[in-house]
Amino acid sequence: MTTNRPRWPAVAVVLSLLVAQPALAFTGQELSRKAKIGLPEARAIALKAHPGKVTDEELERERGGSGLRYSFDIRNGSVTQEVGVDAATGRILEDKAEGPNPD
C-alpha cells in the first residue's frame, strides 16, 4: 500500500545542503559587481602568466592599477607564485614567488 505523505526528510536534507554551502565563492565576492572582468577570465589570464594549480583566489582593493585586483596563488611543483590581475583591465600587476609569510 502506498501513501501520499510528503517526503519531508528528503526536502530537509536538500535544504540543509544548500544552507551549509559557503555564502561567498571566493574572498572578495562582494566587490565583484565593481570588477569589469569576471573571475573566470582573470583566472585564465593569471594561469597564462604562470601555469599551475590555483590554490587561493581573492578580489581585493589594493594600490596600483585600478585599485581593484584579483590575486591568485598558483602552485607549480614546490613553488607558489602570487599573480595579481587588474579587475578593470586584465593587466598583470604582480607575478612573484610567494614568500615564507604569505598574505
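1. In this note a residue is called buried when its relative accessible area is under 20%, exposed when that area is over 50%, and partly exposed in between (1.4 Å probe, protein chains only). The model is a predicted one, in which local features need pLDDT of at least 70 and side-chain atom pairs count only at pLDDT 80 or more, while totals for chains, interfaces and linings use all residues. Residues are numbered from 1 along each chain as its sequence is written, and side-chain values use heavy atoms, with hydrogens and water left out.

2. Helices (H or I, at least four residues) and strands (E, at least two) are DSSP runs, numbered from the N terminus.

3. Which residues does Val85 touch, not counting residues up to four places away in sequence? With contact taken as heavy atoms within 4.5 Å, they are Ile37, Ala42, Ile45, Ala46, Leu68, Arg69, Tyr70, Phe72, Gly90, Arg91, Ile92 and Leu93.

4. Four salt bridges are present, each a side-chain nitrogen of Lys or Arg within 4 Å of a carboxyl oxygen of Asp or Glu. One of them joins Glu57 to Arg43, with the closest N and O atoms 3.0 Å apart. This pair connects distant parts of the chain, since Glu57 belongs to strand S1 (residues 53-61) and Arg43 to helix H2, 14 residues apart. Glu57 is buried at 17% relative accessibility, whereas Arg43 is partly exposed at 26%.

5. Glu94 pairs with Arg69 in another salt bridge, where the closest N and O atoms are 3.3 Å apart. Because Glu94 lies in strand S4 (residues 92-97) and Arg69 in strand S2, the pair ties together parts 25 residues apart in sequence. Glu94 is buried, its relative accessible area being 15%, and Arg69 is also buried, at 6% relative accessibility.

6. Glu94 forms a salt bridge with Lys96 as well, the closest N and O atoms lying 3.4 Å apart. Lys96 is partly exposed, at 44% relative accessibility. Salt bridges link Glu62, Arg69, Glu94 and Lys96 in a network.
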